[in-house]
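Okay, thanks for coming, everyone.

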Amino acid sequence: MSRQVVLPNESPDLTPQRLASLARLAEELGYESVWLPDHVLPPEPFGEVFGGVYEPLATLAYLAAATERVQLGTSVLIAPLREPYLLAKQAATIDRLSGHRLILGVGVGWNEPEFAEIGADFSRRGATLDDTLSLLDQLFTTGRGRAGGYFAPQPAGRIPILVGGNSTVALRRAVRAGDQWVSAGLSPEVFAERVATLARLDPERRVRRIARQQFEEGTAVETYRAYREAGADAVAVHFGSDEGYEERMTAFAAATA
C-alpha cells in the first residue's frame, strides 16, 4: 500500500520555500504523492479541512519545479467554482511542466456561503462537475473544444482524475469519470463500507481507493494498517500543524516501510 502526504497549507506564515522543502522531503522518503486542498473562501481561517492558504494549482506548478519524481495532486479542487476551459488549460500546463506527474482531484464542494459569495450555483454543483469532467475529457483527448477551438498543450496520456466524496453519488462519479477515489474523514470501519459499495459499482476494480488519514501520535501506524485492511490502495496522511511536520513524516515513513 502506498503512502502519500497532504501538505500543511493552513498557516499564512508558511513560506513557499518551506512548502517546497516538505515536498522534496516527501519525495526523498518515498512517499508516492503530495496533495493540496482547495477553498477560495474558506468558512474558517485556513483550517486543514477548509482549504489552506495557497491556491493549489498555482502552488503545484511551483512544486513541479522543486521536485522530480513525486506525484502532485489536488485533494480536492472544488471544480464547480472554476471556469472549466481555464481549469483544463491550467491542468494541462502543470501536467506538461511536471513531466506528467499531475493528478487532478475534484469534488463538488459543500460550503454553500462560499458558492453564494462567488456567485456560483450551489444547487447545480453536481451537474456542473459532471459537465466539467466531460469537457476535460474532450479537450485532453481530442485537443479541440466543443465549438472546434484548438486546445494545447494536449496531454500525452490521460491526466488521472481523482474524485473526492463519501456519498454513493461520488462513488458513481468516480467509476464513471475517474481513475481514483479519495474518502474524506472516514474511520477505517466506515471506509470499508464505502469500499464495499464501490466494489459493487466497479466490479472490474478500475478505480483506485485512497483513504485520508489525520495523524495522531501513538496510533498513526495502527490506523494506517487498519485502512490497508479496509481495502485502501493508498493512504494520504496529514501530519498536523506545520511545526514538526518533517519529523513526523520521517518517523512515519520509517515505521511503515
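Let's begin with the second largest pocket, where α5 gives the largest share of the lining, 7 residues. Before I go on, keep in mind that what you see is a predicted model. Along with α5, α6 also puts at least two residues into that lining. The space in there comes to about 170 Å³. In total 13 residues line this second largest pocket, and the closest to its centre are Leu133, Leu136, Asp137, Arg158 and Ile161. By class, that's 6 nonpolar, 3 polar and 4 charged residues.

Now the largest pocket. We're talking about roughly 830 Å³ of space here. It has 37 lining residues, and Val76, Ser183, Ala184, Gly185 and Arg212 are the closest to its centre. You'll find α5 and α6 again among the elements that supply at least two lining residues each, along with β6, β8 and α8. The class count for this lining is 15 nonpolar, 16 polar and 6 charged residues.

The peptide bond that runs from Ser75 to Val76 is cis, with omega near -10°. If you're looking for it, Val76 is in the loop between β3 and β4. There's another cis bond, between Ala152 and Pro153, where omega is about 5°. Pro153 is in the loop that connects α5 and β6.

His100 isn't a glycine, yet its phi is positive, about 65°. Arg205, in the loop between α7 and β8, also has a positive phi, near 50°. How exposed is Arg205? Partly: its relative accessible area is 43%. For His100, the value is 43% too, so that residue is partly exposed.

Last stop, the inside. The largest nonpolar core has 62 residues, and Val5, Leu104, Phe191, Phe239 and Met249 have the most contacts inside it. Take Met249: leaving out residues up to four places away in sequence, it touches Val5, Leu22, Leu25, Ala26, Leu29, Tyr31 and Phe239. There's also a second, separate core of 8 residues, including Val6, Trp35, Val182 and Ala234.

Technical notes
Residues numbered from 1 in each chain as written. Predicted model: local features only at pLDDT ≥ 70, side-chain atom pairs only at ≥ 80, totals over all residues. Heavy atoms only, no water. 1 Å grid on protein atoms, 1.4 Å probe; cavity = no way out; pocket = protein on both sides within 12 Å on 5 of 7 lines; lining within 4 Å. Points joined across faces, edges and corners; volume = space filled by probe spheres on them. Helix = DSSP H or I, 4+ residues; strand = E, 2+ residues; numbered from the N terminus. Nonpolar A, V, L, I, M, F, W, Y, C, P; charged D, E, K, R; others polar. Core = buried A, V, L, I, M, F, W, Y, C linked by side-chain atoms within 4.5 Å. Buried < 20%, exposed > 50% of the residue type's maximum accessible area, 1.4 Å probe, protein only. Contact = heavy atoms within 4.5 Å.
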